[in-house]
Amino acid sequence: MRPAFSFSAYLLSLPFEFVHWWFVESTFNLLKILQYILNTTYNLLGVKLIFKTFFKPWKNEYREGLARFAVFMGIFIKSMLLIVYTIFFALLSLFEFAILVLWILFPIIVVWGVYKGVYAAIFPG
């Protein structure tokens with residue numbers, strides 16, 4: 001009894017299945033992972049909490065002479081934290097974008113490298 005799908009047809013379909021897996025399925029999985037990293041970073045840095053308590057005094061200092069100073073100190077420190085967090089988040093986003101671009105270009109770079117290597121071996125100098 002012959003198989004319904006021949007082995008040679010299976011071998012011919014493998015490159016197309018790989019391209020579909022690499023550029024569609026794995027790219028979407030990579031995007032999910034990168035989104036998870038960004039969301040986790042956002043939650044770990046506590047940006048939402050900083051915005052909620054932006055005008056509250058630093059260290060909840062409510063003594064009579066220090067309340068106004070503590071509010072301005074809290075605003076200053078939280079502003080500096082937000083600037084640092086924004087820079088960190090931007091760098092992380094750029095790093096993740098570079099990972100995504102390299103993921104998409106990697107098979108093309110490999111095929112190009114193999115082509116150049118074979119061409120150099122066949123036609124030296």
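# Questions about this chain

Me: Which backbone oxygen does the side chain of Thr41 reach at 2.7 Å?

Reply: This is a predicted model, in which local features need pLDDT of at least 70 and side-chain atom pairs count only at pLDDT 80 or more, while totals for chains, interfaces and linings use all residues. Residues are numbered from 1 along each chain as its sequence is written, and side-chain values use heavy atoms, leaving out hydrogens and water. The link asked about is a polar contact (N or O atoms within 3.5 Å; within protein, one able to donate a hydrogen and the other to accept it, with residues adjacent in sequence counting only if both atoms are side-chain atoms). At 2.7 Å, the side chain of Thr41 meets the backbone oxygen of Ile37.

Me: How many helices does the chain have?

Reply: Helices (H or I, at least four residues) and strands (E, at least two) are DSSP runs, numbered from the N terminus. Reading along the sequence gives the pattern α-α-α. With 0 strands, the secondary structure comes to 3 helices.

Me: Is Thr41 buried or exposed?

Reply: Thr41 sits in helix α1, residues 7-45. Buried means under 20% relative accessible area, exposed over 50%, and partly exposed in between, using a 1.4 Å probe and protein chains only. Because its relative accessibility is 13%, Thr41 counts as buried.

Me: Which residues does Thr41 touch, not counting those up to four places away in sequence?

Reply: A contact here has heavy atoms within 4.5 Å. By contrast, Pro57 lies 16 residues from Thr41 in sequence and 25 Å away in space, C-alpha to C-alpha. With residues up to four places away set aside, Thr41 touches Phe88, Phe89 and Leu92.

Me: Which element do the buried residues of α1 pack against?

Reply: The buried residues of α1 are Ser13, Trp22, Ser26, Thr27, Leu30, Leu34, Leu38 and Thr41. Thr27 counts as buried because its relative accessibility is 10%, and beyond its neighbours within four places it is in contact with Trp22, Leu100 and Trp103. The partner for the buried residues of α1 is residues 67-122, helix α3.

Me: Is Tyr42, with its relative accessible area of 34%, buried or partly exposed?

Reply: Tyr42 also has its place in helix α1. Leaving aside neighbours within four places in sequence, Tyr42 is in contact with Val47, Lys48 and Phe89. Tyr42 and Lys116 are 74 residues apart along the chain, and their C-alpha atoms are separated by 43 Å. With a relative accessible area of 34%, Tyr42 is partly exposed.

Me: On which residue is the kink in α1 centred?

Reply: The bend at a residue is the angle between axes fitted to the seven residues ending there and the seven starting there. In α3, a kink of about 45° lies at Leu105, shortly before the proline Pro107. In α1, the kink is about 35° and is centred on Trp21.

Me: Which helices do the buried residues of α3 pack against?

Reply: Among the buried residues of α3 are Ala70, Gly74, Lys78, Tyr85, Glu96 and Pro107. Tyr85 is in contact with Leu45, Val47 and Ile50, leaving aside neighbours within four places in sequence. The buried residues of α3 pack against α1 and α2.

Me: What share of the 125 residues of the chain count as buried?

Reply: Along its principal axes, the C-alpha trace spans about 90 × 50 × 10 Å. Among contacts between residues at least 6 apart in sequence, 69% join residues at least 24 apart. Of the 125 residues, the share that counts as buried is 19%.
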